[in-house]
Amino acid sequence: MTTRASALKRALLYGALTLFALIFIVPFLIQIVTSFKTDPDAASHPLSLIPNPLSLAAWKTIFGSGAVPFPTWIKNSVLIAVIVTFARVFLDSLAGYALARLKFRGRGAIFSALLAVMSVPGVALLIPKFLMVNYLGIYDTYTAMIMPLVVDAAGVFIMKQFFDSVPISIEEAARMDGASIFRTFWSVVLPMARPALITLTILSFQGSWNEFSHFLVVTRGTPDHMTLVTGLASLTSGQLGAGTQFPLKLGAALLTTIPVAVLFFSLQRYFIRGANEGGVKG
């Protein structure tokens, strides 16, 4: 009886998990299939998982040179995400190492301020961002889109927590061999931080790729400075064309999810390990 009851519980558990998985997967499948439909078919049969007829019109518009400048949006998204990701990984690592290892006056206050910034909702910083980029004269430029994102408080916190877990004896050995502080950081400590660096890479790329409100505030909203996310928002609001255009909208939405999904699943095991090691130690 015990074995039979255990098997029944396991079957119910797997059944529940399968149900929840379908709840999340089916809308994604509808999104993929709809991107290969025609506009009339998508409007008439929105939940159908079989395109009738199969159409590549939406994808030709996305990768072509139609009225909607998708190639420009893709270029902007890739450019900003790559620059912000590399800058965050480098600068957040430097700041995290300084807070973890360097002894200087005000270090505790800076770390407290860092924690305070992490607790502030991002929407509360939109007006200060606008005032800052407007004062610097970089409003509606790529500089305004990139510069405020190159350092992230959460990234600094993750790197500091990881560096705190590295034994100081390793660095002392490098110092005895004549290595400078930066050389010790770059050649000895940073290679050991690969899990944390990969975690920061995923979070930075995802955050900059999916950023919306920041770009909305620091640009005029012209197509030349739109990313895939802001461009998709304009498309769904009807600013760039009439009609439902469900295949085009869902194809663009699918395109925004692919890079982040590929990066996450390819580095998933390192991400989980780095998130655990970057957490608060008891």
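**Overall form and the setting of M226**

The protein exposes about 15,900 Å², and carbon and sulfur atoms supply 69% of that area (Shrake-Rupley method, 1.4 Å probe; for residues, only the protein chains shown count as cover). This is a predicted model, in which local features need pLDDT of at least 70 and side-chain atom pairs count only at pLDDT 80 or more, while totals for chains, interfaces and linings use all residues. Residues are numbered from 1 along each chain as its sequence is written, and side-chain values use heavy atoms, with hydrogens and water left out.

The protein has 15 helices and zero strands (DSSP runs numbered from the N terminus: helices are H or I of at least four residues, strands are E of at least two). Its C-alpha atoms fill a box of roughly 75 × 70 × 35 Å along the principal axes. The radius of gyration is 24 Å, whereas a compact globule of 282 residues would have one near 19 Å (taken over C-alpha atoms; the globule rule is 2.2 Å times the number of residues to the power 0.38).

Of the 282 residues, 37% are buried (under 20% relative accessible area; exposed is over 50%, partly exposed in between; 1.4 Å probe, protein chains only). M226 counts as buried because its relative accessibility is 6%.

M226 lies in the loop between helix 12 (213-218) and helix 13 (228-236). Its C-alpha atom is 7.8 Å from that of F215, eleven residues away along the chain. Beyond its neighbours within four places in sequence, M226 is in contact with T72, W73, N76, G221, G231 and S234 (heavy atoms within 4.5 Å). Across the protein, 72% of the contacts with a separation of 6 or more join residues 24 or more positions apart.
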